[in-house]
Amino acid sequence: MGLTPLPSPAAPAPPAAAAPPAAALAIDAGNSKTDVALLAGDGSVLGTARGGGFQPPVTGAVAALTALGGTVARAAADAGLGARPGPESGGPEPGTGIPVPLAEHVSACLANADLPREERELASRIDARGWGLTSAVANDTFAVLRAGLPDDGSVRHGVAVVCGAGVNCVGVAGDGRTHRFPAVGRLSGDWGGGGGLAEAALWHAARAEDGRGPDTELARALPAHYGLAGMYALIEAFHLGELPGERRYELVPVLFAVADGGDRVARSLVRRQAAEIVSMAVVALDRLDLLAVPTPVLLGGGVVAARHRLLHDRLLELLAARAPRATAEVVTAPPVLGAGLRALDHLGTPPAAHARLRAHYGRPDTPR
């Protein structure tokens, strides 16, 4: 009589993966600055950090994502998160000390993700970082759009125009259709934003100085801002790199001040910026069949958020004439709020979580 073989011992079950310490990682990476926030599932903010601008076309995608990783690491440190050793963890991301995965979901709203192809490529790179179990990448204009819409789903359509360092516009219809512009600068027909306004102001001031154009106070105010004697000195300083190119953005408030003084050239530039913003919004409304529907037009970015009287009043006047059913609202909350709200939407958190996140960023009420 043979012996009955004993059953083989069961293989040990693999260790369960550790739950990410945060529910969401919200990223708003603009041209000039980046804000990162780690969020709990109830909408409370666990940690934040600010970094420099996100410009893959200038620095390259690898360098841009590496710099972004440093900002994410500082947000993790602010939340009290260190590397979690052990087989149940993915381990820290190389070179950052970030415990990956950091969050259940990553919501990244990025400048220079202007084309769907760029969004997909950046999404793949962020997935490879392992910061979240899932991730979604969108152009940063979508963050302004989400921040300005209510959280209860009562209004699902809208148009957002960002006028900051550059200018961009996106729109969403109630059925989910979107309209967007390539928004890669003059190549795609764009005009304005901080960079465009500064360039135009310098152009007119230079021509006024050398006699090719009409006189304008800009020819004196722009060099005076830097303590220089005249436009020739200012042109030389920028051309030779004695003034770095990014300092041109300082000229936008100077342009507005000169416009306030009644200068015809400066006022024409401000009016043109208002017309460009309204033109983008109206095209988006038209393409999405929203011209006859009451629709919020949400305005973000440093240029419009400053609420310069001439720009703002002209913008409202033009929008009322061309899209009378639209209602303009300046979104003053930081765009990282919109990225965070998109993350909470994805996670299906209760309304109280959205309200808590809005309160943290100074918006205790949802938009009307």
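Predicted model: local features only at pLDDT ≥ 70, side-chain atom pairs only at ≥ 80, totals over all residues.

Modeller: Let's start with Arg-247 and Glu-250, which form a salt bridge whose closest N and O atoms are 2.7 Å apart. Here's the general idea: side chains of opposite charge can pair when their charged atoms come close. The cut-off used here is a side-chain nitrogen of Lys or Arg within 4 Å of a carboxyl oxygen of Asp or Glu, so the pair counts as a salt bridge because 2.7 Å lies within that limit.

How covered up are these two? Arg-247 has a relative accessible area of 30%, and Glu-250 has 27%. Buried means under 20% and exposed means over 50%, with partly exposed in between, so Arg-247 at 30% counts as partly exposed. Glu-250, at 27%, is partly exposed too.

Salt bridges can also share partners: Arg-146, Asp-151, Asp-345 and Arg-358 are joined that way into one network.

Zooming out for a moment, a search of the whole structure turns up 15 salt bridges. One of them is between Arg-180 and Glu-119, with the closest N and O atoms 3.0 Å apart. This pair ties together distant parts of the chain, since Arg-180 sits in strand 8 and Glu-119 in helix 3, 61 residues apart.

Now try Asp-175 and Arg-177, another salt bridge, where the closest N and O atoms are 2.9 Å apart. Asp-175 counts as exposed, with 56% relative accessibility, while Arg-177 is partly exposed at 34%.

If you want some background for all those percentages, 48% of the 368 residues in the protein chain count as buried. The chain's accessible surface comes to about 17,100 Å², and carbon and sulfur atoms account for 55% of that.

Val-184 belongs to the loop between strand 8 and helix 5, and at 41% relative accessibility it is partly exposed.

Technical notes. Residues numbered from 1 in each chain as written. Heavy atoms only, no water. Helix = DSSP H or I, 4+ residues; strand = E, 2+ residues; numbered from the N terminus. Buried < 20%, exposed > 50% of the residue type's maximum accessible area, 1.4 Å probe, protein only. Areas by Shrake-Rupley, 256 points an atom, 1.4 Å probe, with all protein chains shown as cover.
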